[in-house]
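Please consult the sequence and the model while reading.

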Amino acid sequence: MDDIRLTYLPDPHFKPTIVAKASSAAEGLCKWIIALDMYDRVVKIVAPKKEKLEIANTEYEETMAILIKKRNEVKELQDRLDSLKERLADTILNKEKLLTEVELCERKLIKAEKLIRSLGSEKDRWSDRANELQINYDCIPGDILISCGIIAYLAPFTSNFRSSIINEWRTLCLNLKIPSSKSYSLINVLGVPIKIQNWTIDGLPMDLFSIDNAIIMDESQRYSLLIDPQGQAHKWIKTMEKSNDIVIVKLTNPNYMKIIEIAIEIGKPILIENVQEELDPPLDPILLKQIYRQGITMFITLGDNTIEYNPNFRLYITSKLRNPHYLPEIFNKVTIINFALTVEGLEDQLLGIAVAKERPDLEFKRKKLIVEGAENAKTLLNVENNILQILSAPGNILEDEDAVDVLENAKLLAIQIIKKQAASVETVAIIDKFRLQYNPLAKHCSILYYCITDLPNIDPMYQYSLTWFINIFIMTVETAKKSKIINVRLEALKNTFTYNLYTNVCRSLFEIDKTLFSFIMCTTIMLSEKKIDKQELMFLMTGGVGLKNNIPNPASNWLQDKNWDELCRLDELNTFKGIKNDFIQKVNDWKEYYDQADQEDSTFPNPWYDKLSDFQRILVVRTIRPDKVIPIIIKLIESELGENFIQPPPFDIQKSYNDSYCLNPLIFILSPGVDPMVSLLQFANKMDKTETIQSVSLGQGQVNYKNVIKLCIKKCKTNYRVL
């Protein structure tokens, strides 16, 4: 190679192109020699590099093997790390879950403690209540059956008749083995205490009979017609529905149906007052509730008009008739309820008036406590309902965030209300203790009211309103003799009221009826004080009722058979047992008594005269000398009530004027030929009111009554008097 490089390659002619000109074979050889030189040079340079490359490749492979091994180790470590991270995440998640559960358990524990603390004390009460509800639930068939019977059939009747029929029904249920309460009460079965309290606050009398009537009206499917001679139901309904803008109409108003139609459309309550024994046919669709529905809207057809029916519409009907006679058709249309005032209801009203006048602070506090008690009871009921609703909700109550707090707050509120009620009970007890001192007065006066309610049986003109009666009572409390000794004060109030009532009633009675009214007052008071027996009083008024008397009259020559029959019936009374045989044995002694002219001071044969009371002696006189009964009755009235009650006071225009006011006018009922005009003008002159009197006549063809009403309204504003 060295020779070639020294000899040939440097030669300028040793080029393939030049050599090719000489010989093509030599050209190839030339190229080969040049290539061989180049190869030799390359081999000498590349060979070491190849060796190094091989060495490098070997080292690389060894390094890569180590790298792969390390990578595998790293991968294994990474996999382990990832696994550990996953385990760590799971562990942390589990830890957080456990911490959450621990926190939840702590909260549940706290809530459970609160729940136990809040409701633990209610266990006994709720257990007793649950047992009571179970008993009531078991008695539902009989109780509801009796309640339906009361609403359907007994509403028009009096309290005593209702009680007797209810007792018969309870006995019938017992015999038929229909479960019912041992002591049935409509209030316990259908009454809602909160609603009843609101009724009494609105003016419903607090006696059981009135509350039963309100429940019947509330539960009846028909509209109610209330027999309300004293206006108690009328006043209560107006107060109860005042917030609903009640509309009051009369059937005498020619536009009453138009007023009712408007009320039906806008949903206002309607009170039809002072109805008689018939109801107008246009009311039938309303009374029969002939309502039909189109879509979601209800309609009712009244005559030719079809109007929309508002579900909020309510209808009440009242009548002031004392003893109306309604046809069966009326009973089919409405629920007729006897809302006549009871002795208990009037007694409570008079008691409230007396205490309000004597101690207005106590009466105000009592009424305030009644209102507060109603509000507290309503709140307590809502709290208990809220508690029961939460406890009966699905799910775990301890997991409810607000339930336990609501229960605890509800329980705290309930405790506060119970404490308030307990405090109010003590206050009410103090007030009631004072009120009970006036209970004899209220009982005495309420009994006397029923003396005047019976007077229309004597003459239809003798009718007196409850408002008039209460005004007399108020006047008595204000004017009677004052005393710090309660017994002296009560006696003065009793005597003053009795006489005030007597004088006010006698003012409007015919002379012939005044003694009878005194006797009615006397016997009513004696009955209430249990001085006389009701059976004996009935005998005095009727002479007894019996079959034909077969015992012959032993004194037919001087004693009428009618009187003998009455004497035999008198013998049937307990106190008079044996008087018939005594009369037969002592006919001559009885004849001697019969012949005496002065029966008032004479005595009939003993032991009867000494044995009997003054009233019972009148019964004997009635059978022997009925013509002498009135003088002896007058003597009884004088001994029981006093001389003032047998000598009616003369008419006193001054006192009559004092008893009247702008809403309570004086009405003079004149006999033919009597004219009080002179006396009135003299009295006006005495009072220096002559110039303030305006006289008008309502006789036939005289001033129109509407003009008189306008005149009265005008004169009332100017302190004038209209005659």
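Predicted model: local features only at pLDDT ≥ 70, side-chain atom pairs only at ≥ 80, totals over all residues.

## Salt bridges between separate parts of the chain

Side chains of opposite charge can pair when their charged atoms come close. The structure contains 16 salt bridges. In one of them, Lys 195 pairs with Asp 218, with 3.0 Å between the closest N and O atoms. Lys 195 belongs to helix H8 (residues 193–201) and Asp 218 to helix H9 (residues 208–219), so this contact ties together parts that lie 23 residues apart in sequence. Lys 195 is partly exposed, at 34% relative accessibility, and Asp 218 is likewise partly exposed, at 36%.

A further salt bridge joins Arg 314 to Glu 241, with an N to O distance of 2.8 Å. Here the partners are 73 residues apart and link distant parts of the chain: Arg 314 sits in the loop between strand E6 (305–308) and strand E7 (315–319), while Glu 241 sits in the loop between helix H10 (232–240) and strand E2 (247–250). Arg 314 is partly exposed, with a relative accessibility of 29%, whereas Glu 241 is buried, with a relative accessible area of 4%.

Glu 566 and Lys 562 form a salt bridge with an N to O distance of 3.0 Å. Both residues lie in helix H22 (residues 561–570), where their spacing of four residues places them about one helical turn apart. Glu 566 is buried, at 4% relative accessibility; Lys 562, by contrast, is exposed, at 53%.

Several helices supply at least two lining residues each: helix H18 (466–479), helix H19 (486–506), helix H20 (511–528), helix H28 (653–659) and helix H29 (677–686). Helix H18 gives the most, with seven residues. At the level of domains, residues from both domain 3 (362–508) and domain 5 (660–717) contribute to the lining, so the second largest pocket lies between these two domains.

Methods:
Residues numbered from 1 in each chain as written. Heavy atoms only, no water. Salt bridge = Lys/Arg side-chain N within 4 Å of Asp/Glu carboxyl O. Buried < 20%, exposed > 50% of the residue type's maximum accessible area, 1.4 Å probe, protein only. Domains from an automatic or database assignment.
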